[in-house]
Amino acid sequence: MFGGLATAPSNSPHLRKSGSRPVVSDLGTSELENGAEEGFVHLIEGDDLKGISTPLSMKGVTTPLSTVAIMPSPTFLWRFKVLLFFTWGFICCKIGWDSVMRMSVDLRDLFLYEAFLYYNPLLLVTMMVWFWGINLWVFAQSSVSYPKVFDLDQNHLTHGEIWKCATWMTIVVPTSMTAYLYLYSHGEVSLAASQPVLLYAAVAMILIFPFDIFYLSSRFYFLRTLWRIVLPLQAITFSDFFLADILTSMSKVLSDLERSVCRMLHRQVATIAWFEADSVCGSHSVAIPLVLVLPYLFRLFQCLRQYKDTGEKTTLLNALKYSTAVPVIFLSALKYHVFPEKWTNFYRPLWLLSAILNSLYSFYWDVTRDWDLSGFTRIFKFNKPHTLSNLIHGRKWVYFWVITSNLILRCTWTYKLSAHLRHNYLTVFAITALEIFRRFQWVFFRVENEWIKMSSKSNFQLSMSDIPNEEDRLLNSNGHNV
């Protein structure tokens, strides 16, 4: 259960700041010091065996070696952390349940709707971060070099560091939500209203914090990529449209973030403002479809920029795919701004037709373009035998599962894009979580497809460099040496 002496190598990642390079020590010096220390210890042990009395001052030198702290083994620490995590989860669930049960039945559902509005965006972001860590872990086990695909430097975050961030997000967000429920149910309305505000402010501060903590280089890489997505004034990189594609799956998250920030700025947190659907931050606000459509417009402009740079007509077809999401979003929002008869007889059939077109077009593009089924002779070729390679390598059911689930979840995703179907917040939350899971699956095949293209291109360039040109062949045939 317990290990030996607590030692740490000089190049341990725990001895460096986030974003800095590992510290490399002088091995020669350390070996001399270790050798001298071992010789000194052997000398003392030899004197003791010979019966030579060692002076008290000499014996005192060995005291630090015998009093070094014994640290628990990593397995014991991991189990202890897991136990603390589940204990914390149980406490949060117990306090949250008791707090909700204190409210009246009429108030309970409305209050949970507002609580979900503030906290479900960050919960879904946390889920996305967990999934991204799994993506990176699988890439690290396979032949896919994701740092080259995304053009990352040596200080990029590993899957372990991503999971560490996700763990802290999993702890902080539900804790804030539990405090919100507890304080509101016990009459501390002002303190309850401050909980989501403090949480959102902390997240914003961590993202823009300019000092070399909290993975500075990775945070700024993320913010720079967001800026390039909003203003595609330069050539589009793989990281640009990859993150923009992920944002299309997070459009509901962005919409709820806008509504949450709106209520915070208008001091409507923990108030009866949820009854006012037509208010500036209500469920009928025109800002909802505008925010929902933004990620699709970003990708549309990226495709147009790619066509300007490359002249490839497939980028125009890709732009057309993203444009099909626009009528789905705005036709749905029209329900609250037209007469009911006109909505039922005219706009709802148009919305349904647009939804079917968008789902099928997006599914077709995923399978034939983003994933490139011609390269589906394998999934990941692992460098060494691994549990995952035995589960998914060359298995047909994997392809059937991914293609079928992608089609189903593409269709259900349209439900979330439609503002007039968002009143059942639990259903919408579940569908959004399923869309994030669909995107998690999509990442594997999209990144691998890009890696195959990069590898094929580099291999072709190497093969062309090995072929001698015509002048060299003529010189060699005549026996000339240059």
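This is a predicted model: local features need pLDDT of at least 70, side-chain atom pairs count only at pLDDT 80 or more; totals for chains, interfaces and linings use all residues.

Me: What makes D370 and R446 a salt bridge?

Reply: The closest N and O atoms of D370 and R446 are 3.7 Å apart. The rule asks for a nitrogen of Lys or Arg within 4 Å of a carboxyl oxygen of Asp or Glu, so the pair counts.

Me: Why is R446 called buried?

Reply: R446 has a relative accessible area of 6%. The limit for buried is under 20%, so the label applies.

Me: How do you know that R438 and E435 form a salt bridge, and which network does the pair belong to?

Reply: The N to O distance between the side chains of R438 and E435 is 2.9 Å, and the cut-off is within 4 Å. Both residues lie in helix 18, 3 residues apart, about one turn of the helix. Salt bridges that share partners join D366, R410, E435 and R438 into one network. R438 and E435 are both buried.

Me: What makes D98 and K94 a pair about one helical turn apart, and are they buried or partly exposed?

Reply: D98 and K94 are 4 residues apart in helix 4, which means a separation of about one helical turn. Their side chains meet in a salt bridge at 2.7 Å, N to O. D98 has 34% relative accessibility and K94 has 43%.

Me: Why are helix 11 and helix 12 called oblique?

Reply: Helix 11 (residues 251-265) and helix 12 (residues 287-310) pack at an angle of about 140°, with their axes 8 Å apart. Roughly antiparallel requires an angle over 145 degrees, and roughly perpendicular covers 65 to 115. Helix 11 and helix 12 are therefore oblique to each other. The crossing of helix 11 past helix 12 is right-handed.

Me: What makes F80 partly exposed, and which patch includes F80?

Reply: F80, found in helix 4 (residues 74-101), has 43% relative accessibility and so counts as partly exposed. F76, L77, F80, L83 and L84 make a nonpolar surface patch of about 450 Å².

Technical notes
Residues are numbered from 1 along each chain as its sequence is written. Side-chain values use heavy atoms; hydrogens and water are left out. Patches are made of residues with over 30% relative accessible area and no salt bridge: like charges are joined within 9 Å, nonpolar side chains (Val, Leu, Ile, Met, Phe, Trp, Tyr) within 5 Å. Accessible areas come from the Shrake-Rupley method with a 1.4 Å probe; for residues, only the protein chains shown count as cover. Helices (H or I, at least four residues) and strands (E, at least two) are DSSP runs, numbered from the N terminus. Buried means under 20% relative accessible area, exposed over 50%, partly exposed in between (1.4 Å probe, protein chains only). Axes are lines fitted to C-alpha atoms, for helices over the stretch in contact, and angles run from 0 to 180 degrees between N-to-C directions. Angles under 35 degrees count as roughly parallel, over 145 as roughly antiparallel, 65 to 115 as roughly perpendicular and the rest as oblique. A crossing is left-handed if the near helix is turned anticlockwise from the far one by less than a right angle, and right-handed if clockwise.
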